[in-house]
Amino acid sequence: MGDSDLSASELRRRYHRGGTVKDDELSSAQLRAKYAIPGNRRDFSTAEEEAQAKNGNSGLLIFAAVAVLVLLAVAAFLMLNK
């Protein structure tokens, strides 16, 4: 009986954590699904992680720019009121 002949609940019983099938009998896709590991990209790149890192850094750059502008404004105010 192939996988396509089984119901979804039977497949979960066999292949998910605590299932009856041993890890060495599972395909790589089944192992990734069992342990919630994302699939491989064709080019094995980390493009998504790099994009997230760049997006995170842009927020930090905006914060730093605003902080510098506030410091300059405070310094100008203090110098003019002497």
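Buried means under 20% relative accessible area, exposed over 50% and partly exposed in between (1.4 Å probe, protein chains only).

You're looking at a predicted model, where local features need pLDDT of at least 70 and side-chain atom pairs count only at 80 or more, while totals for chains, interfaces and linings use all residues. Numbering starts from 1 along each chain as its sequence is written, and side-chain values use heavy atoms, without hydrogens and water.

Start by colouring by pLDDT, the predictor's confidence in each residue, from 0 to 100. The protein averages 76, with 65% of its residues at 70 or more.

Next, switch to cartoon: three helices and zero strands (DSSP runs of H or I, at least four residues, and of E, at least two, numbered from the N terminus). Select residues 8-15, helix H1, where mean confidence is lowest at 70, then residues 47-80, helix H3, where confidence is highest at 81.

Stay on helix H3 and pick Val-70. Is Val-70 buried, exposed or partly exposed? Its relative accessible area is 46%, so Val-70 is partly exposed.
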